[in-house]
Amino acid sequence: MNSVFEKDLYRYYGEEGEPFLKRIFRPLEIKYIALFRKANMCKFKPLKLLYMLRLKRLSDKTKIQIPARTNIGEGFYIGHLGRVIIHPDAVLGKNVNLGTGVTIGMENRGKRKGAPVISDNCWIGTNAVIVGNVKVGSDVLIAPLTYVNFDVPDHSIVIGNPGRIIGKENATADYICNRV
């Protein structure tokens, strides 16, 4: 657990690590990620239950809703405190950035029934919505206020509602810092 959370912290603070005062007064989004990692990785059922109860309480405070069973890779980054909702069946790769108001949800019927799979090195902007059994490739930037219910190839920018794909090498360069 520690090495995964250390990689999450690296995304926030880089090589110098977490400053001493930040350890004492951690921002709530980092507290949430730490507790999520504990609840997600704990194998001892009574302790896991305790972590999940604490996660629920912190979720009520932060408005971040990421169930403990969600599969999220290392280097996870929530940009700002505020509403973030991720379906428990969604899969997120490593080095994924989320802005405030992001929803990653499930479609309950039709050809895209299911939850999204988001690959490595993706930047998802404020109030973006990704729904359905779709695959978002690596090195993808999803612009703020974008609605995605379709597959997105690697090295792309998605913008608008309905979303429009623009191919671009290094789409997340300068957006995702301190990659692990």
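Helix H3 makes the greatest contribution to the lining of the largest pocket, giving 5 residues, where helices (H or I, at least four residues) and strands (E, at least two) are DSSP runs numbered from the N terminus. The model is predicted, with local features requiring pLDDT of at least 70 and side-chain atom pairs counting only at pLDDT 80 or more, while totals for chains, interfaces and linings use all residues. Residues are numbered from 1 along each chain as its sequence is written, and side-chain values use heavy atoms, without hydrogens and water.

A pocket is, on a 1 Å grid over the protein atoms alone, an open set of points where a 1.4 Å probe fits, with protein on both sides within 12 Å along at least five of seven lines, and its lining residues have an atom within 4 Å of a point. The largest pocket holds about 280 Å³ of space. At least two lining residues come from each of helix H3 (28-41) and helix H4 (45-62), and the lining includes Arg23, Lys31, Leu35, Arg54 and Lys61. By class, 7 charged and 4 nonpolar residues are found in this lining, with no polar ones.

Strand pairing, which requires at least two DSSP bridges between two strands, links strand S12 (residues 140-142) to strand S14 (residues 156-159) in parallel through 3 bridges, with isoleucine 142 opposite valine 158 in S14. S14 is also joined to strand S15 (residues 164-167), here antiparallel and through 4 bridges, and isoleucine 157 faces isoleucine 166 in S15. Between the strands of the S14 and S15 hairpin there are 4 residues, and glycine 160 in this hairpin adopts a positive phi near 95°.

Technical notes. Grid points are joined across faces, edges and corners, and a volume is the space filled by probe spheres set on the points. Ala, Val, Leu, Ile, Met, Phe, Trp, Tyr, Cys and Pro count as nonpolar, Asp, Glu, Lys and Arg as charged, and the others, Gly among them, as polar.
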